[in-house]
Amino acid sequence: VKTAVNKSLGGVMFIDEAYSLCQGCESGHDSFGKEAVDTLIKEMEDKREHVVVILAGYEKEIGKFLSSNPGFQSRVPWHFHFQDYTCGQLVDIGEIFLHKKGMHMDFTQPVQMQNAELQLLC
């Protein structure tokens with residue numbers, strides 16, 4: 001943890017699915033994870049002027065993770081919730097990626113793929 005924080009000094013440390021650091025902490029079955037979280041909290045405090053730490057993950061899981069250690073409450077003052085993409089937005093994103101590769105797909109028609117039909121579930 002210290003090495004990762006030190007590499008991020010002067011910038012941002014992004015931890016996706018941060019709750020995976022400590023999946024058994026609340027039950028006491030993950031002493032390594034608890035130590036990692038304790039170290040992360042200390043590093044966040046000691047180096048707060050030099051690094052921004054972003055903890056990301058699914059809302060329910062990240063909520064439990066942040067509740068697992070009281071030190072997070074004073075060190076993680078901002079919480080942002082991002083809505084899930086809609087099916088239409090995912091189609092738009094897919095079209096952008098295809099267009100960048102010079103490809104096109106008609107998302108309004110079923111696609112035949114190796115004797116199986118692929119349809120959007122939107």
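Predicted model: local features only at pLDDT ≥ 70, side-chain atom pairs only at ≥ 80, totals over all residues.
Reader: Where does lysine 47 lie, and which residues does it touch?

Author: Lysine 47 is in the loop between H2 and E2. Leaving out residues up to four places away in sequence, lysine 47 touches Val5, Asn6 and Leu9. There's also glycine 10: it is 37 residues from lysine 47 in sequence, yet their C-alpha atoms are 9.8 Å apart.

Reader: Is cysteine 22 buried or exposed, and how do you know?

Author: Buried. The relative accessible area of cysteine 22 is 5%, and anything under 20% goes in that class, so cysteine 22 is called buried. Cysteine 22 sits in the loop between E1 and H2. Its C-alpha atom is 7.1 Å from that of valine 37, which is 15 residues away along the chain.

Reader: What about glutamate 17: what makes it partly exposed?

Author: Its relative accessible area is 38%. Buried needs under 20% and exposed needs over 50%, so with 38% glutamate 17 is partly exposed. Glutamate 17 is also found in the loop between E1 and H2. Look at its backbone too: phi is near 50 degrees, a positive value in a residue other than glycine.

Reader: How much of the protein chain is buried?

Author: Buried residues make up 24% of the chain's 122 residues.

Reader: How do you know that the span of helix H5 agrees with what it should be?

Author: H5 covers residues 87-100, which is 14 residues. The expected span is 1.5 Å times one less than the number of residues. For H5 that comes to 20 Å, and the end C-alpha atoms are 20 Å apart, so the two agree. After H5 comes glycine 102, with a positive phi near 70 degrees.

Reader: Which residues have the most contacts inside the largest nonpolar core?

Author: Leu55, Phe65 and Phe72, in a core of 17 residues. Two or more residues each come from strand E1 (11-15), helix H2 (31-46), strand E2 (51-55) and helix H3 (59-67). H2 gives the largest share, 4 residues. Phenylalanine 72 touches Val37, Ile41, Met44, Leu55, Phe65 and Leu66, again leaving out residues up to four places away in sequence.

Reader: Why might nonpolar side chains end up together like that?

Author: In soluble globular proteins, nonpolar side chains tend to be buried together.

Reader: What lines the largest pocket?

Author: There are 27 lining residues, and Ile54, Leu55, Trp78, His79 and Phe80 lie nearest the pocket's centre. H2, E2, H3 and helix H4 (71-75) each give two or more residues to the lining. The largest share, 5 residues, comes from E2. The volume of this pocket is about 1,100 Å³.

Reader: How does the lining of the largest pocket split by class?

Author: It has 16 nonpolar, 6 polar and 5 charged residues.

Terms used:
Residues numbered from 1 in each chain as written. Heavy atoms only, no water. Core = buried A, V, L, I, M, F, W, Y, C linked by side-chain atoms within 4.5 Å. Buried < 20%, exposed > 50% of the residue type's maximum accessible area, 1.4 Å probe, protein only. Contact = heavy atoms within 4.5 Å. 1 Å grid on protein atoms, 1.4 Å probe; cavity = no way out; pocket = protein on both sides within 12 Å on 5 of 7 lines; lining within 4 Å. Points joined across faces, edges and corners; volume = space filled by probe spheres on them. Nonpolar A, V, L, I, M, F, W, Y, C, P; charged D, E, K, R; others polar.
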